[in-house]
Amino acid sequence: MIEIAKIRKSFGAVLAVDEVSFSVSAGEVFGLLGPNGAGKTTIIKMATLLTRPDAGYCRIDGVDVTEDPLAVKKRIGVVPQANNLDRELTAYENLLIYGMLHRVGHLRDKIEMALKTVELWDRRDSVVEGFSGGMQRRLLLARALLPEPQALFLDEPSIGLDPQIRSQLWEIIRKIRIDGRTVLLTTHYIQEAEALCNRVGILAKGRLIALDTPDNLRRRTGEFVVESVDGDGKLHQAFCRTREDAESTAAVSHSSIRVRATSLEDAFIDLTKERLGK
Amino acid sequence: MTVGYGWYPVFLREMLLFKHKLLRVGYVASAMVTPLIYLVTFGLGLGRNVTIHGSSYIAFLIPGLAAMTSMNNSYSWMATALGLNRIYYKTFQTLVQAPIHASSIIFGEIMAGMVKGLFASALIVAAGFAASPGFSVSPIFLLALLLNCFLFASLGVIVGMRATSHEDTATYSNFVIMPMAFLSGTFFQLDRLPGYLKAIVYVLPLTHANILIRKTLMDQQAWLSLAVLVFYAAAFFFYGAALIRRYNE
């Protein structure tokens, strides 16, 4: 279980994270959505001991990250946003060192299994520098899973991946959820949050402005959206609770119009536009 | 402070990186080029007709070059690699997030720095055997070399942890390491220095490495230099460990 309570972090005069609280249960995939600079990565860094919070606390399975960092490090796996693999080492060597650092038992068998899971076993002796972005992301995931952590932090796990590889990655994350582990992920891809997350938190300017299941967030915004384009080509959206409301709204409009079901992306844009001053 | 098992994977990681570098053409040559230029210029060129205490200048120079080379290589690798890994490649994050103590991280890094320092020094020692038939390696020589590698690898960790950019690392080298290489008695006897400069030079750790590495017996001066080297090694080690413990992005 991951607990984040009233956590706050400033960098100089910039308030990056402002009293954010939420918890993620075992077996749950929780997504943090937000525009650039919303504070998603800073929250992950505070929960994974890279950045010290100014206030509040993060607990992993009840253990406070600042009070007992070693115990927390034994419980977490991290896929960072920026590739931090040793580029001059091979895929196998990267996992070997990581496994030794985390004292993984039966290490060689587990490395083989991890590399086979992400379909990199055939490239085990290749230097990481020559890997494509997608291969590096898969290797980062294999590395994070090697010690079988209870809590997994994925910071933009599928950034830069093509749809096929992204779909493979999602399958692995779904399997992790089935295994009963806790997953906290940040993403720019709304589709990813819809596909994977039990619940979603929406961040804007360091504050958590919404937290619910993807379905409830959509419902809260309105289940249907009426879209029209004016003479200047500007898109206008009106959210409605029912299809009947949406169709009657559409009926009074004279411009080009369509009615469709609200997506999580609509809810995200609607929730964040006020915060971002749009 | 616990070092524990965790230092070994940190050390092994650096050794694997070192192995990959060794396989590259030119790495060994680049580690040797500066000290060999000094050896040829000062030892075989300028110092050909100089004697010190009845021995050839080259016999005086080689232990100093070994100390200087061990300093440069132990320090530079740590300062540069750690700085780059922390600031640009972010690979240091994996060590910080691993369930090992800060003292294990620094100990593993220092051991790796020592291997690199000793490797480069061994090349100079080999050149010394070839250039000076009377040259020998005593246990005191080895002790001085090991301590020198340890303390400068520790200093490299400190600089690597404190630097905010790659340029910072170069600045530390230009203002600390380079002057120390020339002022600490590598190329000349310290008793020739004026008094005011001596006071500064005797504070520098490489001065004491140079004193100790040239001793054949542990006299009072040797014990004093040994104590100074141990003090610097311990101070740099604990300060470096504290910097790692306080790691904060």
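Predicted model: local features only at pLDDT ≥ 70, side-chain atom pairs only at ≥ 80, totals over all residues.
Local features need pLDDT of at least 70 and side-chain atom pairs count only at pLDDT 80 or more, whereas totals for chains, interfaces and linings use all residues. Residues are numbered from 1 along each chain as its sequence is written, chains are lettered from A and ligands numbered from 1 in the order in which they are written, and side-chain values use heavy atoms, with hydrogens and water left out.

Chain A contains 10 helices and 13 strands. Helices (H or I, at least four residues) and strands (E, at least two) are DSSP runs, numbered from the N terminus. The C-alpha trace of chain A spans about 70 × 45 × 35 Å along its principal axes. Of its 278 residues, 51% count as buried. Buried means under 20% relative accessible area, exposed over 50%, and partly exposed in between (1.4 Å probe, protein chains only). Chain A exposes about 12,500 Å², and carbon and sulfur atoms supply 47% of this area. Accessible areas come from the Shrake-Rupley method with a 1.4 Å probe; for residues, only the protein chains shown count as cover. Among contacts in chain A between residues at least 6 apart in sequence, 64% join residues at least 24 apart. Contact means heavy atoms within 4.5 Å.

An open sheet of 4 strands in chain A has the order 2-1-4-5, with antiparallel pairing. Strand 2 (14-24) and strand 5 of chain A stand at the edges with a single partner strand each, so one side of each lacks a neighbour in the sheet. Two strands pair if DSSP finds at least two bridges between them. Strands of a sheet pair through backbone hydrogen bonds, either parallel or antiparallel. Strand 1 (residues 2-11) and strand 4 (residues 55-60) of chain A are joined by 5 bridges in the antiparallel sense. In strand 4, A:Tyr57 is the bridge partner of A:Ala5, and A:Ile60 is that of A:Ile2. A:Ile60 also has a bridge partner in strand 5, A:Val63. Strand 4 and strand 5 (residues 63-64) of chain A pair in the antiparallel sense over 2 bridges. Their hairpin has 2 residues between the strands, and A:Asp61 takes a positive phi near 50 degrees there.

A further hairpin is formed by strands 9 and 10 of chain A. Strand 9 (residues 199-204) and strand 10 (residues 207-212) pair in the antiparallel sense over 5 bridges. A:Gly201 has A:Leu211 of strand 10 as its bridge partner. With 2 residues between the strands, this hairpin places A:Lys205 at a positive phi near 50 degrees.

Helix 4 (residues 107-117) of chain A has a buried side. A:Leu107, A:Ile111, A:Ala114 and A:Leu115 are buried in this helix. Seen down the helix axis, the buried residues fall within an arc of 95 degrees, so they line one face of helix 4 of chain A. The arc is that of the directions from the helix axis to the C-beta atoms. The cover over these residues includes helix 3 (91-101) and helix 5 (133-145) of chain A. The face turned away from the buried side carries the exposed residues A:Asp109 and A:Met113. A:Glu119 follows helix 4 of chain A, with a positive phi near 55 degrees.

A:Ser158 lies in the loop between strand 7 (151-155) and helix 6 (163-178) of chain A. A:Ser158 counts as buried because its relative accessible area is 0%. Residues up to four places away in sequence aside, A:Ser158 touches A:Arg166, A:Leu169, A:Trp170, A:Tyr189 and A:Glu192.

In chain B, B:Leu44 belongs to helix 2 (residues 27-46). B:Leu44 counts as partly exposed because its relative accessibility is 38%. Neighbours within four places in sequence aside, B:Leu44 is in contact with B:Leu39 and B:Ile58. The C-alpha atoms of B:Leu44 and B:Leu65 are separated by 13 Å, and the two residues are 21 residues apart along the chain.

B:Leu142 is found in helix 6 (residues 139-162) of chain B. Its relative accessibility is 45%, so B:Leu142 counts as partly exposed. B:Phe129, B:Val137 and B:Leu142 form a nonpolar surface patch, with about 250 Å² of accessible area together. Patches are made of residues with over 30% relative accessible area and no salt bridge: like charges are joined within 9 Å, nonpolar side chains (Val, Leu, Ile, Met, Phe, Trp, Tyr) within 5 Å. A salt bridge is a side-chain nitrogen of Lys or Arg within 4 Å of a carboxyl oxygen of Asp or Glu.
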